[in-house]
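Please open the structure in a viewer and keep the selection panel at hand.

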Amino acid sequence: MRAAWTVCRRECSAYFASPIAYIVIVIFLLVVGWFFFSTFFLLNQASLRGFFRMLPVVFAFVVPAVTMRQFAEEFHSGSCEILLTLPVRLTEIVFGKFLACTIFVAALLAPTLAYPLLVASLGDLDPGPVIGGYLGALLLGAAFAAVGLFASALTKSQIVAFLTGSAISFGLCLVDQMAYFLPEAAARPLAHLAADVHFENIARGLVDTRDVLYFLSLGFLALYATVLVLEEKHG
Amino acid sequence: MIQVERLTKTFGAVRAVDGVSFEARRGEILGLLGPNGAGKTTTLRMLTGYLAPTSGRIRVGDYSTPGDPLEVKRITGYLPESAPLYPEMLVFDYLAFIAAARAIPAADRRRRIGDAAELCGIREVMHQPIAEISKGYKQRVGLAAVMLADPEILVLDEPTSGLDPNQIAEIREIIRRIGRAKTVIFSTHILSEAEATCDRVVIIHRGRIAADRPTAELKEALGGKIRLAILLEGADADGVERTLAPVAGVEELSCGPPDEAGRLPVAVVFAAGADPRAEIYRRIRGTDWTLLDFHLQRQSLEEVFRELTREG
């Protein structure tokens with residue numbers, strides 16, 4: 001764990017030493033802010049439902065942009081040769097990078113805490129869905145970060161890593177809608193794979209262990225697959 | 001200190017390293033020499049645990065791979081070719097990261113970083129971003145990072161590649177200094193470097209070992225023939241042949257074409273163990289030729305290398 005924390009600290013300092021991190025945060029805030037507030041006053045409801053509803057799709061593009069460099073850049077520059085020959089376990093390296101990406105997702109969400117404060121000043125805001133929404137957003141972001149890390153471990157190209165990570169994450173957001181075209185026997189289990197459905201359940205303020213377990217399992221599977229990919233390449 | 005036994009690595013149908021075995025002792029600088037694509041880097045990557053061997057065994061100190069990869073990594077320091085460091089980090093922060101990852105106690109880190117910076121001469125760039133320092137400094141920062149944990153074994157892949165002559169001399173000096181107490185294995189295709197720095201040379205060609213000898217012994221064994229280069233004025237090839245070929249100890253004599261000024265270059269190869277220089281000089285003095293040059297040429301490692309790795 002000590003080594004994972006060392007890797008995490010390095011990755012965090014790499015994120016925040018670069019202007020790209022701030023650009024990603026600003027773009028994220030502009031996009032979600034504009035979409036949320038463009039309908040907020042029309043609906044005339046003191047609720048953050050509109051903000052949370054768009055998060056799965058926005059995260060499907062933003063989180064892979066955050067994770068794409070993690071391994072792809074290490075392979076491209078050759079720094080992975082130094083990293084992977086340090087006396088550190090692969091699991092610690094992967095977990096350290098995952099932790100850094102999750103911290104970055106939290107940093108993305110942190111400024112949006114101003115939204116519930118603003119909405120609460122305008123009307124009677126129910127705190128349950130807000131707390132659930134942020135918890136779900138963190139779980140969703142962490143799971144997508146794990147998926148993005150897996151995509152990044154597959155290739156030397158950051159663009160390929162981004163596209164692969166986005167495709168998997170976006171697919172997980174759409175899988176319930178695609179299931180409409182399938183026979184019901186196939187559609188029902190497939191719908192359980194939908195990230196947006198599990199997220200919306202939590203964002204309603206009902207924290208069900210099944211939904212939490214879904215994100216934990218997705219994250220664990222993606223991180224495990226990342227370790228396997230790295231072992232296959234270098235183990 | 002390091003024993004490599006029948007090490008093999010295949011990538012699909014390509015056998016990059018094919019049954020390589022060698023040893024490196026403590027306090028020895030071992031040069032891994034070979035043309036591009038010979039399998040040097042793959043061998044080093046297996047030594048450091050970056051790649052797993054397809055077959056064979058590597059014993060490093062009391063540990064071996066496969067088996068104890070983390071222990072092997074703990075006592076081995078590795079600097080890959082072109083020192084791929086994190087460009088956005090400050091030199092000090094990079095060294096602090098490596099120190100933390102190598103589990104150097106926090107109380108010791110500053111002192112160790114200072115010692116490594118002193119050894120590698122990077123004190124003046126400690127607070128500069130890695131992206132902004134010269135290639136020579138990057139190489140030295142990479143070496144300092146390797147030296148932080150005071151590893152028993154240093155593995156360096158083409159440590160002077162792309163550096164200018166002054167930087168090359170500096171890096172060689174650092175390697176020599178480190179090599180007094182540690183086992184250093186480094187790969188190079190710059191033969192003069194192996195000649196200048198290594199105690200022993202392992203020549204790899206097409207994934208196999210073509211030679212494994214102490215540097216001097218290798219030159220002696222394969223380049224035992226010593227050549228005398230002579231430049232004569234007023235001489236002709238036939239006359240030189242008649243005068244010098246019968247001298248005892250002369251194994252081979254060849255005259256090059258005369259240059260524009262009519263000076264004749266002559267190359268005399270001595271038989272093993274013979275030194276007929278005095279007799280050759282006496283014979284030339286007995287003629288009306290003017291002796292312009294008379295010096296010995298040992299076969300360089302470069303020639304030995306070409307001989308061993310000649311295609312076909």
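The model is predicted. Begin in chain B by selecting strands β2, β1, β4 and β5, which form an open sheet in that order with antiparallel pairing. At the edges stand β2 (14-24) and β5 (63-65) of chain B; each has a single partner strand, so one side of each lacks a neighbour in the sheet. Viewed from one strand to the next, the twist averages 20°.

Within this sheet, select strand β1 (residues 2-11) and strand β4 (residues 55-60) of chain B. The two run antiparallel and are joined by five bridges. To inspect one pair, display Glu5(B), whose bridge partner in β4(B) is Arg57(B). As background, strands of a sheet pair through backbone hydrogen bonds, either parallel or antiparallel.

For a parallel case, select strand β6 (residues 76-79) of chain B together with strand β7 (residues 153-157) of chain B; four bridges join them. Thr76(B) has Ile153(B) as its bridge partner in β7(B). Now show the side chains of β6(B). Which residues point one way from the strand, and which the other way? Thr76(B) and Tyr78(B) point one way, while Gly77(B) and Leu79(B) point the other way. All four of these residues are buried. In a regular strand, side chains alternate between the two faces of the sheet.

On the α8(A) side, display Pro129(A), Gly132(A), Gly133(A), Leu135(A), Gly136(A), Leu140(A) and Ala143(A), which make the contact with Ala195(A), Phe199(A), Ile202(A) and Ala203(A) of α11(A). By class, the residues of this contact comprise eight nonpolar, three polar and no charged.

Finally, select the place where the two chains meet. Here 18 residues of chain A are in contact with 19 residues of chain B. On the chain A side, highlight α1 (2-17) and α5 (80-83), each of which supplies at least two residues. Which element gives the most to the side of chain A that touches chain B? That element is α1(A), with five residues. Coloured by class, the side of chain A that touches chain B shows eight nonpolar, eight polar and two charged residues.

Terms used:
Residues are numbered from 1 along each chain as its sequence is written. Chains are lettered from A and ligands numbered from 1 in the order in which they are written. This is a predicted model: local features need pLDDT of at least 70, side-chain atom pairs count only at pLDDT 80 or more; totals for chains, interfaces and linings use all residues. Two residues are in contact if their C-beta atoms, placed from the backbone, lie within 7 Å. Ala, Val, Leu, Ile, Met, Phe, Trp, Tyr, Cys and Pro count as nonpolar, Asp, Glu, Lys and Arg as charged, and the others, Gly among them, as polar. Two strands pair if DSSP finds at least two bridges between them. Axes are lines fitted to C-alpha atoms, for helices over the stretch in contact, and angles run from 0 to 180 degrees between N-to-C directions. A residue is buried if 20 or more other C-beta atoms lie within 10 Å of its own, exposed if 12 or fewer, and partly exposed in between; C-beta atoms are placed from the backbone.
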